[in-house]
Amino acid sequence: MKGQMNTEMGKIIVDEDVLAKYAGSAAVECFGVVGMASVSVRDGIVKLLKKDNLRHGVNVTVEEGKLYIELHIIVAYEVSILAVAENLVDNVKYKVEEYTGMEVGRITVCVEGVRVIN
């Protein structure tokens, strides 16, 4: 299902891919997030995604007018995972709601790996 907003002029329909790309972009801006992760179910291998593939680390569903976002991330070594996740949820929720005008129902953060940053 695609995201929908009703305005005075009519209805705006937003594709879930657009919502996922925006959520991924907001996520990688957060301190402690190295990048988005793609998990190969078949191999069990986690890959760090490049900036042009951010959508693949994000799942967005729309139910009853609310967005449900699942983020797969790789965090920096020696940072608090809890602090990163809380900051990530706050930042993504604010930016997605501000950008789309739609309400975020829930954000799930899946930490898929840790990277040492030089």
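Glu97 and Lys93 are separated by about one helical turn, because the two residues lie 4 apart in helix H2. Helices (H or I, at least four residues) and strands (E, at least two) are DSSP runs, numbered from the N terminus. The side chains of Glu97 and Lys93 form a salt bridge, with N and O 3.0 Å apart. A salt bridge here is a side-chain nitrogen of Lys or Arg within 4 Å of a carboxyl oxygen of Asp or Glu. Glu97 is partly exposed at 24% relative accessible area. Lys93 is partly exposed at 33%. Buried means under 20% relative accessible area, exposed over 50%, and partly exposed in between (1.4 Å probe, protein chains only).

The structure is a predicted model, in which local features need pLDDT of at least 70, side-chain atom pairs count only at pLDDT 80 or more, and totals for chains, interfaces and linings use all residues. Residues are numbered from 1 along each chain as its sequence is written, and side-chain values use heavy atoms, with hydrogens and water left out.

The chain contains 2 helices and 7 strands. Their order along the sequence is β-β-α-β-β-β-β-α-β. Of its 118 residues, 36% are buried. Contacts (heavy atoms within 4.5 Å) were examined between residues at least 6 apart in sequence; 64% of these join residues at least 24 apart. The chain exposes about 7400 Å², and carbon and sulfur atoms supply 49% of that area. Accessible areas come from the Shrake-Rupley method with a 1.4 Å probe; for residues, only the protein chains shown count as cover.

In soluble globular proteins, nonpolar side chains tend to be buried together. A nonpolar core is defined as a set of buried Ala, Val, Leu, Ile, Met, Phe, Trp, Tyr and Cys residues joined through side-chain atoms within 4.5 Å. The largest such core has 24 residues. Val58, Leu67, Ile69, Leu71, Ile73, Leu88 and Val92 touch the most other members. Two or more residues come from each of helix H1 (16-28), strand E3 (33-40), strand E5 (58-63), strand E6 (66-76), helix H2 (81-100) and strand E7 (103-115). Leu88 touches Ala27, Cys30, Val33, Leu71, Ile73 and Val109, leaving aside residues up to four places away in sequence.

A search of the whole structure finds 1 aromatic pair. The rings of Tyr22 and Tyr99 are stacked, because their centres are 3.8 Å apart and their planes lie at 5°. Rings of Phe, Tyr and Trp (its six-membered ring) pair if their centres lie within 6.5 Å; planes under 30 degrees apart count as stacked, over 60 as edge-to-face and the rest as tilted. Tyr22 belongs to helix H1 and Tyr99 to helix H2, so the pair ties together parts 77 residues apart in sequence.

The structure holds 3 salt bridges. Besides the pair within helix H2, one joins Lys95 to Glu29 at 2.3 Å, N to O. This pair links distant parts of the chain, 66 residues apart: Lys95 is in helix H2, and Glu29 is in the loop between H1 and E3. Lys95 is partly exposed at 24%, whereas Glu29 is exposed at 52%. Another salt bridge joins Lys66 and Glu103, with the closest N and O atoms 3.8 Å apart. Lys66 in strand E6 and Glu103 in strand E7 are 37 residues apart, and the pair again links distant parts of the chain. Lys66 is partly exposed at 30%. Glu103 is also partly exposed, at 44%.

Tyr77, Ile81, Val111, Val114 and Val116 make a nonpolar surface patch of about 460 Å². Patches are made of residues with over 30% relative accessible area and no salt bridge: like charges are joined within 9 Å, nonpolar side chains (Val, Leu, Ile, Met, Phe, Trp, Tyr) within 5 Å. Val114 lies in strand E7 and is partly exposed at 48%.

Most residues other than glycine have a negative phi. Glu64 has a positive phi of about 50° although it is not a glycine. Glu64 sits in the loop between E5 and E6 and is exposed, at 80% relative accessibility. Glu78 also has a positive phi, about 70°, without being a glycine. Glu78 occupies the loop between E6 and H2. Its relative accessibility of 71% counts as exposed.
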